[in-house]
Amino acid sequence: QVQLSESGGGLVQAGGSLRLSCACSGRTFSNYAVGWFRQAPGKEREFVATISRSGASTAYADSVKGRFTISRDNAKNTVYLQMNSLKPEDTAVYYCAANRNLPLIAAVDQPDYWGQGTQVTVSS
């Protein structure tokens, strides 16, 4: 079993930055691809970013490309999402998720494990 725990959310003004963390426990973290997803009120959960087991490969949703950066530190069992130039439309609950068998995670039906989410609110 894998336990994922997000942190780092909060309230920030438009144009500001936040760094989210996803801490993993329970299994060898480097065996899992990890993705970040988000869900705004009244909307479906959507893909944000993903990173491969080694960290060598990443992918981003078009809406965050150039503003968000995903990274991982396997020695610390943690994946990060650095979010810059935040916009009000980035307001959502952000979730991290993991899958052992896929090289990357880019769809909501792909993760085997989910965290509980962390709220990000961007004011205009």
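A residue is called buried when its relative accessible area is under 20%. The views below show a predicted model.

**View 1. The disulfide of Cys22 and Cys96.** The sulfur atoms of Cys22 and Cys96 lie 2.1 Å apart and form a disulfide. The count for the model comes to 1 disulfide. The link between Cys22 and Cys96 is right-handed, with 60° about the S-S bond. Because Cys22 belongs to strand E3 and Cys96 to strand E9, the pair ties together parts that are 74 residues apart in sequence.

View 2. Cys24 takes part in no disulfide; the nearest cysteine sulfur, which belongs to Cys22, is 6.9 Å away. With a relative accessible area of 8%, Cys24 is also buried.

**View 3. The largest nonpolar core.** This core contains 34 residues. Those that touch the most other members are Trp36, Val48, Phe68, Val79, Leu81, Met83 and Tyr94. Among the elements that give two or more residues to the core are strand E3 (18–25), strand E4 (33–39), strand E5 (46–51) and strand E9 (92–99). Strand E9 gives the most, with 5 residues.

**View 4. The contacts of Met83.** Met83 is one of the core residues that touch the most other members. Leaving aside residues up to four places away in sequence, Met83 touches Gly16, Ser17, Leu18, Leu20, Arg67, Phe68, Tyr94 and Val120.

Conventions: Residues are numbered from 1 along each chain as its sequence is written. This is a predicted model: local features need pLDDT of at least 70, side-chain atom pairs count only at pLDDT 80 or more; totals for chains, interfaces and linings use all residues. Side-chain values use heavy atoms; hydrogens and water are left out. A nonpolar core is a set of buried Ala, Val, Leu, Ile, Met, Phe, Trp, Tyr and Cys residues joined through side-chain atoms within 4.5 Å. Buried means under 20% relative accessible area, exposed over 50%, partly exposed in between (1.4 Å probe, protein chains only). Helices (H or I, at least four residues) and strands (E, at least two) are DSSP runs, numbered from the N terminus. Contact means heavy atoms within 4.5 Å. A disulfide is a pair of cysteine sulfur atoms within 2.5 Å.
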